[in-house]
Amino acid sequence: MKRRSFLAGLALCPICAGTALAQDAPMGPSWGYEGAGGPEHWGSLEKAYEACAIGAQQSPVNLQGAVRAEATGPLLGWKPASFKVVNNGHTIQLDVEGDAGGVLMNGKPYALRQFHFHAPSEHAIDGQRTAMEAHFVHVGEDGKLLVIGVFLVPGEANDAFSTLMAAAPKKQGSEALKQPMDPSALLPKKRALYRYEGSLTTPPCAEVVDWNIYAAPVSVDAQDIEAFRAIFPMNARPLQAMNRRFLLQMQ
Ligand SMILES: [Zn+2]
């Protein structure tokens, strides 16, 4: 990632190239899920990643000991849209091209920007992780994020997931989905959910996320899970301490 952003920097600012190259700074390891760039080292890879090590509201967490709340979760207003399927070196991500709608949370609008996947799931319920987890990332006008998490388990095939996995680039790069996709096809019918305040689960681990995770999983074709794992065998951050946070459960 570091190398990619460095190259992107060169492309954007050719005049900076000489300076950057002259410094000949040793490049540290890029972040990943094992070895020198693994999760236990994220906080020291870059000053900007410090929250990964010292944050007290980090994600993912074990969903356990929830407090029942008489409240409603995000009100969904997604719509079918065009997507670009991106292999960014860390996951397969679907970038919204245009307008895919969004959600309302307590009257505040958040626009759906992208969704992506982790294997195994990052969150756990009572200590149990599932095969995969989808994250639907929404951005509010103030830059705060609202992420909807969906557990994926092997079972009956999900056409939307099969379609996007068939288009997913095996190496870094992107591919336009040929048909518009309705992201709602990846949501469970039952909408009971867990809610807590947390962070991005990847560097810089910024603590700006309103997490909403559906309790019921969605089944997808086991072969599609295998196809994902053939590209990313393991891209889940370890569970983080809940510390002094409330976990809410809503029906
Ligand atoms: Zn994620």
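View 1. Contact here means that the C-beta atoms of two residues, placed from the backbone, lie within 7 Å. Helices (H or I, at least four residues) and strands (E, at least two) are DSSP runs, numbered from the N terminus. Helix 5 spans residues 159-167, and its buried residues are Phe-161, Leu-164 and Met-165. These buried residues line one face of the helix, because they fall within an arc of 100° when seen down the axis of helix 5; the arc is that of the directions from the helix axis to the C-beta atoms. Asp-159 and Ala-166, on the other side of helix 5, are exposed. A residue is buried if 20 or more other C-beta atoms lie within 10 Å of its own, and exposed if 12 or fewer do, with C-beta atoms placed from the backbone.

Residues are numbered from 1 along each chain as its sequence is written. The model is predicted: local features need pLDDT of at least 70, side-chain atom pairs count only at pLDDT 80 or more, and totals for chains, interfaces and linings use all residues.

View 2. Strand 9 (residues 132-140) pairs in the antiparallel sense with strand 7 (residues 108-118) over eight bridges; two strands pair if DSSP finds at least two bridges between them. Glu-133 in strand 9 stands opposite His-118. Strand 9 also pairs in the antiparallel sense with strand 10 (residues 145-154), over eight bridges, and Leu-145 in strand 10 is the bridge partner of Val-139. Four residues separate strand 9 and strand 10 in their hairpin, where Gly-143 in the turn has a positive phi of about 85°.

**View 3. The largest nonpolar core.** This core has 50 residues, and those with the most contacts inside it include Met-132, Val-150 and Phe-228. A nonpolar core is a set of buried Ala, Val, Leu, Ile, Met, Phe, Trp, Tyr and Cys residues joined through C-beta atoms within 7 Å. Strand 10 supplies the largest share of the core, six residues. Beyond its neighbours within four places in sequence, Met-132 is in contact with residues including Leu-152, Ile-225 and Phe-228.

**View 4. The loop between strand 12 (193-198) and strand 13 (209-214).** Pro-204 is found in this loop, and the peptide bond from Pro-203 to Pro-204 is cis, with omega near 10°. Cys-205 lies in the loop as well, and its phi is near 60°, a positive value in a residue other than glycine. Cys-205 counts as buried because it has 27 C-beta neighbours inside 10 Å.
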